[in-house]
Amino acid sequence: MDAAHKDLELVAVTKRYGATTAVDAISHKFRSGGYACLLGPSGCGKSSTLRMIAGHESVTEGAVLLGGSDVSRLPPAKRGTAMMFQNYALFPHLSVADNVAFSLKMRGVDKAARLKSAGEMLELVDLSALSDRLPDQLSGGQQQRVALARALITRPEVLLLDEPLSALDPFLRIRMRGELRNLQQELGISFIHVTHGQDEALALADEIVVMNNAVIEQAGAARDVFNAPKTAFVAQFIGGHNVVALPEGHFAIRTDAVGIAQAGTGTLQGNILGVEYQGAHVSVSARIAGDQEISAMIPEGAFFANPFNPGDQVGLIWDKNNLHKLTA
Ligand code: ADP
């Protein structure tokens with residue numbers, strides 16, 4: 001029976017802190033059972049949005065609907081959502097099992113039932129062997145799994161994750177994001193994950209919601225947002241694109257769709273500013289007319305078959321079918 005799965009909808013949700021409008025009348029429907037990332041630069045309103053969904057922050061105007069019911073005025077524990085915090089917020093004096101069982105204790109569930117449930121959650125995140133440890137006897141990745149188990153024990157419809165990977169080192173971050181993705185698919189519930197990292201969003205999300213200046217700039221499937229950014233902001237923030245001003249308007253072109261050739265050939269003439277070896281690719285930047293900078297990701301073999309150096313005059317080549325018109 002998965003009749004319980006419910007969409008989460010924001011209807012003209014606004015958050016003001018005094019004179020600051022942190023979230024400005026945003027509307028969006030998060031599909032049930034999807035992995036969504038709220039992506040945007042620091043201060044754009046992502047955390048405020050997440051905290052309003054969770055009930056840890058009041059909604060100034062608008063409504064949060066879960067399965068069509070307005071949950072905006074309900075306390076966090078009554079919403080069908082659960083939040084995993086950035087710093088995990090584990091209780092240092094409680095064992096792993098008691099940390100995980102904590103919210104059931106608050107709900108008055110008897111000890112045997114809550115420890116059984118905690119045991120199941122620890123099994124889910126592969127931590128059964130460590131249930132008697134204290135949080136400071138765990139690695140960062142293990143603490144994160146405890147925090148996940150603790151959030152999931154209430155069987156939420158929607159799990160909210162606020163920068164869940166930011167406390168981890170880069171290697172562990174990549175491993176844990178794979179685990180998050182697997183867990184979401186196994187559970188089939190909705191995850192809404194806040195991040196300022198475009199690579200994290202692309203790696204994880206079915207749907208990316210790009211925020212900027214308190215509004216949603218663009219939302220869509222990860223590949224659609226990457227391949228068809230609507231605005232210069234999205235093209236720049238999602239990465240892997242150049243934004244160029246041409247007589248016909250502003251366009252995005254992917255850095256891997258730009259090639260480099262001898263001066264006098266190609267679409268535009270440029271001057272090489274920098275060459276950076278990145279392993280599989282070489283990243284080349286060049287200045288073109290109008291003082292604009294273009295980046296090209298050239299496959300390693302192709303670059304070294306015909307290398308260029310900073311200061312060289314070159315031709316930049318692209319297929320105009322790869323130019324993507326921007327609306328703003
Ligand atoms: P993000 O998560 O994208 O970094 P936030 O939602 O944390 O953005 O913040 C959005 C805006 O609201 C920022 O300008 C921030 O300074 C402001 N803000 C966030 N929380 C508070 C608060 N408790 N009191 C006052 N201003 C806040």
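How many of the nine residues of α1 are buried? Seven of them are, so α1 is largely enclosed by the rest of the structure, where buried stands for a relative accessible area under 20%, exposed for over 50%, and partly exposed for anything in between (1.4 Å probe, protein chains only).

## Basis of the model

This is a predicted model, in which local features need pLDDT of at least 70 and side-chain atom pairs count only at pLDDT 80 or more, while totals for chains, interfaces and linings use all residues. Residues are numbered from 1 along each chain as its sequence is written, and side-chain values use heavy atoms, with hydrogens and water left out.

Helices (H or I, at least four residues) and strands (E, at least two) are DSSP runs, numbered from the N terminus. The buried residues of α1 are Lys46, Ser48, Thr49, Leu50, Met52, Ile53 and Ala54. Just after this helix, Gly55 adopts a positive phi of about 90°. Helix α1, which covers residues 46-54, also provides the largest share of the shell around the ligand, namely four residues.

The residues that surround the ligand are Tyr17, Ala22, Pro41, Ser42, Gly43, Cys44, Gly45, Lys46, Ser47, Ser48 and Arg51, a residue being counted as near if one of its heavy atoms lies within 4 Å of the molecule. By type, this shell divides into four nonpolar, five polar and two charged residues; here Ala, Val, Leu, Ile, Met, Phe, Trp, Tyr, Cys and Pro count as nonpolar, Asp, Glu, Lys and Arg as charged, and the others, Gly among them, as polar.

From the side chain of Ser48, an N or O atom lies 2.6 Å from an oxygen atom of the ligand, and the side chain of Lys46 places an N or O atom 2.8 Å from a ligand oxygen. Cys44 takes part through its backbone, with an N or O atom 3.1 Å from an oxygen atom of the ligand. Of the 560 Å² of accessible area that the ligand has on its own, the protein covers 60%, as computed by the Shrake-Rupley method with a 1.4 Å probe, where for residues only the protein chains shown count as cover.

## Strand β1

Lys15 belongs to strand β1, which runs over residues 8-17, and it is buried at a relative accessible area of 4%. The side chain of Lys15 reaches the backbone oxygen of Ser58 at 2.8 Å. Leaving aside residues up to four places away in sequence, Lys15 touches Thr20, Thr21, Ala22, Val23, Ser48, Met52, Glu57, Ser58 and Thr60, contact being defined as heavy atoms within 4.5 Å.

Ala12 also has its place in strand β1, and it is partly exposed, with a relative accessible area of 33%. Although Ala12 is not a glycine, it has a positive phi of about 45°. Most residues other than glycine have a negative phi, and most peptide bonds are trans.

In helix α4, residues 140-152, ten of the 13 residues are buried, so the helix is largely enclosed by the rest of the structure. Among the elements covering these buried residues are β6 (81-84), α2 (96-106), α3 (111-124), β7 (158-162) and α5 (170-187). At 1.5 Å a residue, α4 should span 18 Å, which agrees with the 18 Å between its end C-alpha atoms; the expected span is 1.5 Å times one less than the number of residues.

The loop between α3 and α4 holds Gln137, partly exposed at 45% relative accessibility, and Leu134, partly exposed at 32%. A polar atom of the Gln137 side chain lies 2.8 Å from the backbone nitrogen of Leu134. In the loop between β7 and α5 lies Glu163, which is buried at 9% relative accessibility and has a positive phi of about 45° although it is not a glycine.

Terms used. Polar contact = N/O pair within 3.5 Å; in protein donor to acceptor, adjacent residues only side chain to side chain.
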